[in-house]
Amino acid sequence: MIRGFQQRAEQKITGFQSPASDYLEGRLNVADVLVIDPHCTFYFAMDSEAMKSRGLWPGDILVVDRSLVPVHGAVVVAVVQGTFCCRTFDNSGTNPVLTGDTVAMESSDGENLHIWGVVTAICRGMLPPGLKKGRYSRVCAL
(Lines give C-alpha, C1' and ligand atoms only; values in the text may rest on other atoms or scores of the structure.)
Protein backbone atom coordinates (compact mmCIF):
# COMPACT_ATOMS: atom_id res chain seq x y z
CA MET A 1 0.00 0.00 0.00
CA ILE A 2 1.32 3.42 -0.91
CA ARG A 3 0.70 6.15 1.59
CA GLY A 4 1.41 9.79 1.19
CA PHE A 5 2.53 12.00 3.97
CA GLN A 6 1.18 15.49 4.13
CA GLN A 7 3.69 18.25 4.65
CA ARG A 8 2.56 20.06 7.75
CA ALA A 9 3.93 23.16 9.32
CA GLU A 10 5.61 22.58 12.59
CA GLN A 11 3.31 23.28 15.45
CA LYS A 12 4.20 24.43 18.89
CA ILE A 13 2.93 21.87 21.32
CA THR A 14 1.91 22.95 24.71
CA GLY A 15 0.99 20.34 27.22
CA PHE A 16 0.81 16.69 26.35
CA GLN A 17 1.04 15.52 22.76
CA SER A 18 -1.73 13.29 21.50
CA PRO A 19 -0.73 9.62 21.64
CA ALA A 20 -2.34 9.20 18.20
CA SER A 21 -0.11 11.82 16.56
CA ASP A 22 2.23 9.09 15.31
CA TYR A 23 -0.62 7.75 13.19
CA LEU A 24 -1.55 11.01 11.47
CA GLU A 25 -1.17 10.67 7.72
CA GLY A 26 -2.13 12.85 4.85
CA ARG A 27 -4.24 11.77 1.92
CA LEU A 28 -2.58 10.06 -1.00
CA ASN A 29 -2.52 12.17 -4.14
CA VAL A 30 -2.16 9.82 -7.10
CA ALA A 31 -0.70 12.58 -9.25
CA ASP A 32 2.19 12.95 -6.81
CA VAL A 33 3.05 9.30 -7.39
CA LEU A 34 2.48 9.04 -11.15
CA VAL A 35 3.54 12.45 -12.41
CA ILE A 36 7.19 13.40 -12.17
CA ASP A 37 7.11 16.57 -14.27
CA PRO A 38 3.61 18.06 -14.43
CA HIS A 39 4.50 20.47 -17.23
CA CYS A 40 5.60 17.63 -19.51
CA THR A 41 2.94 15.07 -18.58
CA PHE A 42 -0.05 14.30 -20.77
CA TYR A 43 -2.76 11.67 -20.70
CA PHE A 44 -3.97 9.49 -23.54
CA ALA A 45 -6.72 6.93 -23.74
CA MET A 46 -5.65 3.67 -25.36
CA ASP A 47 -8.11 2.82 -28.09
CA SER A 48 -6.58 -0.17 -29.84
CA GLU A 49 -5.52 -3.69 -29.02
CA ALA A 50 -2.07 -3.25 -30.56
CA MET A 51 -0.25 -3.50 -27.22
CA LYS A 52 -2.14 -6.28 -25.43
CA SER A 53 1.06 -8.29 -25.08
CA ARG A 54 2.53 -5.44 -23.00
CA GLY A 55 -0.57 -5.26 -20.78
CA LEU A 56 -2.18 -2.23 -22.41
CA TRP A 57 -5.88 -2.65 -23.11
CA PRO A 58 -8.41 -0.42 -24.83
CA GLY A 59 -9.72 2.14 -22.35
CA ASP A 60 -6.50 2.31 -20.31
CA ILE A 61 -5.28 5.79 -19.49
CA LEU A 62 -1.66 6.30 -20.51
CA VAL A 63 0.48 8.73 -18.50
CA VAL A 64 2.98 10.13 -21.00
CA ASP A 65 6.05 12.19 -20.16
CA ARG A 66 7.47 14.26 -23.01
CA SER A 67 10.69 15.14 -21.19
CA LEU A 68 12.05 11.58 -21.24
CA VAL A 69 14.29 10.32 -24.02
CA PRO A 70 13.11 6.86 -25.09
CA VAL A 71 15.43 3.92 -24.61
CA HIS A 72 15.26 0.46 -26.11
CA GLY A 73 12.16 -1.35 -24.85
CA ALA A 74 10.28 1.73 -23.66
CA VAL A 75 6.60 2.04 -24.48
CA VAL A 76 6.17 5.28 -26.36
CA VAL A 77 3.50 7.39 -27.98
CA ALA A 78 4.63 8.29 -31.47
CA VAL A 79 3.26 10.19 -34.40
CA VAL A 80 3.37 8.06 -37.52
CA GLN A 81 2.14 9.70 -40.71
CA GLY A 82 0.12 12.21 -38.72
CA THR A 83 -1.51 9.66 -36.41
CA PHE A 84 -0.77 8.99 -32.74
CA CYS A 85 0.07 5.41 -31.91
CA CYS A 86 1.41 3.57 -28.88
CA ARG A 87 4.18 1.03 -29.50
CA THR A 88 7.37 -0.40 -28.06
CA PHE A 89 10.50 1.51 -29.05
CA ASP A 90 13.34 -0.56 -30.50
CA ASN A 91 16.56 1.18 -31.47
CA SER A 92 18.80 -1.87 -31.56
CA GLY A 93 19.16 -1.71 -35.36
CA THR A 94 20.27 1.03 -37.66
CA ASN A 95 16.85 2.67 -37.78
CA PRO A 96 14.40 3.01 -34.89
CA VAL A 97 11.48 0.60 -35.05
CA LEU A 98 8.13 0.70 -33.31
CA THR A 99 6.74 -2.74 -32.59
CA GLY A 100 3.31 -3.79 -31.52
CA ASP A 101 1.35 -7.00 -31.52
CA THR A 102 0.57 -6.84 -35.22
CA VAL A 103 2.98 -4.81 -37.33
CA ALA A 104 6.36 -3.16 -36.94
CA MET A 105 6.86 0.38 -38.16
CA GLU A 106 10.35 1.33 -39.21
CA SER A 107 11.63 4.77 -39.95
CA SER A 108 14.12 4.75 -42.76
CA ASP A 109 14.30 8.49 -43.26
CA GLY A 110 13.18 9.67 -39.83
CA GLU A 111 10.40 11.81 -41.25
CA ASN A 112 7.52 9.37 -40.92
CA LEU A 113 8.14 8.53 -37.28
CA HIS A 114 8.29 11.05 -34.44
CA ILE A 115 8.50 9.95 -30.80
CA TRP A 116 6.05 12.15 -28.92
CA GLY A 117 6.61 10.90 -25.38
CA VAL A 118 7.35 7.94 -23.14
CA VAL A 119 4.58 6.11 -21.31
CA THR A 120 5.43 6.14 -17.60
CA ALA A 121 2.29 4.56 -16.15
CA ILE A 122 -1.16 3.30 -17.00
CA CYS A 123 -4.43 3.64 -15.13
CA ARG A 124 -7.10 1.02 -15.52
CA GLY A 125 -10.59 1.07 -14.15
CA MET A 126 -11.60 -2.10 -12.35
CA LEU A 127 -15.33 -1.53 -11.94
CA PRO A 128 -17.62 -4.11 -13.53
CA PRO A 129 -20.27 -2.71 -15.88
CA GLY A 130 -22.95 -3.09 -13.19
CA LEU A 131 -21.21 -0.53 -10.96
CA LYS A 132 -20.41 2.01 -13.69
CA LYS A 133 -23.41 4.16 -12.96
CA GLY A 134 -23.88 7.77 -12.03
CA ARG A 135 -20.74 9.50 -10.89
CA TYR A 136 -18.79 6.24 -11.27
CA SER A 137 -19.61 5.95 -14.97
CA ARG A 138 -16.41 7.71 -16.07
CA VAL A 139 -13.88 6.07 -13.75
CA CYS A 140 -10.68 5.75 -15.81
CA ALA A 141 -12.46 6.86 -18.96
CA LEU A 142 -11.79 10.08 -20.76
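Tutor: A salt bridge is a side-chain nitrogen of Lys or Arg within 4 Å of a carboxyl oxygen of Asp or Glu. The model discussed here is predicted.

Student: Which side chain of opposite charge is nearest to aspartate 90?

Tutor: Aspartate 90 belongs to strand β4, residues 83–90. The residue is buried and has no salt bridge. A salt bridge needs the nitrogen and the oxygen within 4 Å. The nearest side chain of opposite charge is 10 Å away, and it belongs to arginine 54.

Student: Which residue's side chain has a polar contact with the side chain of aspartate 90?

Tutor: Beyond four places in sequence, aspartate 90 is in contact with His72, Asn95, Pro96 and Val97. The polar contact joins two side chains at 2.7 Å, and the partner of aspartate 90 in it is serine 92.

Student: How many salt bridges does the structure hold?

Tutor: One of them joins lysine 52 and glutamate 49, with the closest N and O atoms 3.8 Å apart. Lysine 52 is partly exposed, at a relative accessible area of 31%. Another is formed by the side chains of arginine 124 and aspartate 60, at 2.7 Å from N to O. The number of salt bridges in the structure is 2.

Student: How many residues apart are arginine 124 and aspartate 60?

Tutor: These two side chains meet in a salt bridge. Arginine 124 is in the segment after β7, while aspartate 60 is in the loop between β1 and β2.

Student: Why is β2 described as largely enclosed by the rest of the structure?

Tutor: In a regular strand, side chains alternate between the two faces of the sheet. On one side of β2 lie Ile61, Val63 and Asp65, and on the other Leu62 and Val64, all of them buried. β2 is largely enclosed because the count of its buried residues is 5 of the 5.

Student: In β7, which residue is the bridge partner of valine 63?

Tutor: β2 pairs with strand β1, residues 41–45, in the antiparallel sense over 5 bridges. In that pairing, phenylalanine 42 has valine 64 of β2 as its bridge partner. β2 and β7 also pair in the antiparallel sense over 5 bridges. In β7, the bridge partner of valine 63 is alanine 121.

Student: What is the distance between the C-alpha atoms of phenylalanine 84 and histidine 114?

Tutor: Phenylalanine 84 is found in strand β4 and counts as partly exposed, at 45% relative accessibility. Beyond four places in sequence, its contacts are Phe44, Val77, Ala78, Val79 and Trp116. Histidine 114 is 30 residues away along the chain, and the two C-alpha atoms are separated by 9.4 Å.

Student: What is the phi of glutamine 81, about?

Tutor: Glutamine 81 lies in the loop between β3 and β4. The cut-off for exposed is over 50%, so at a relative accessible area of 67% glutamine 81 is exposed. Glutamine 81 is not a glycine, yet its phi is positive, at about 50°.

Student: What percentage of the residues in the chain are buried?

Tutor: The chain has 1 helix and 7 strands, in the order α-β-β-β-β-β-β-β from the N terminus. Among contacts with a separation of 6 or more, 50% are between residues 24 or more positions apart. Of the 142 residues in the chain, the buried share is 27%.

Definitions and conventions
Residues are numbered from 1 along each chain as its sequence is written. This is a predicted model: local features need pLDDT of at least 70, side-chain atom pairs count only at pLDDT 80 or more; totals for chains, interfaces and linings use all residues. Side-chain values use heavy atoms; hydrogens and water are left out. Helices (H or I, at least four residues) and strands (E, at least two) are DSSP runs, numbered from the N terminus. Buried means under 20% relative accessible area, exposed over 50%, partly exposed in between (1.4 Å probe, protein chains only). Lys and Arg count as positive and Asp and Glu as negative; His and the chain ends are not counted. A polar contact is a pair of N or O atoms within 3.5 Å; within protein, one must be able to donate a hydrogen and the other to accept it, and residues adjacent in sequence count only if both atoms are side-chain atoms. Contact means heavy atoms within 4.5 Å. Two strands pair if DSSP finds at least two bridges between them.
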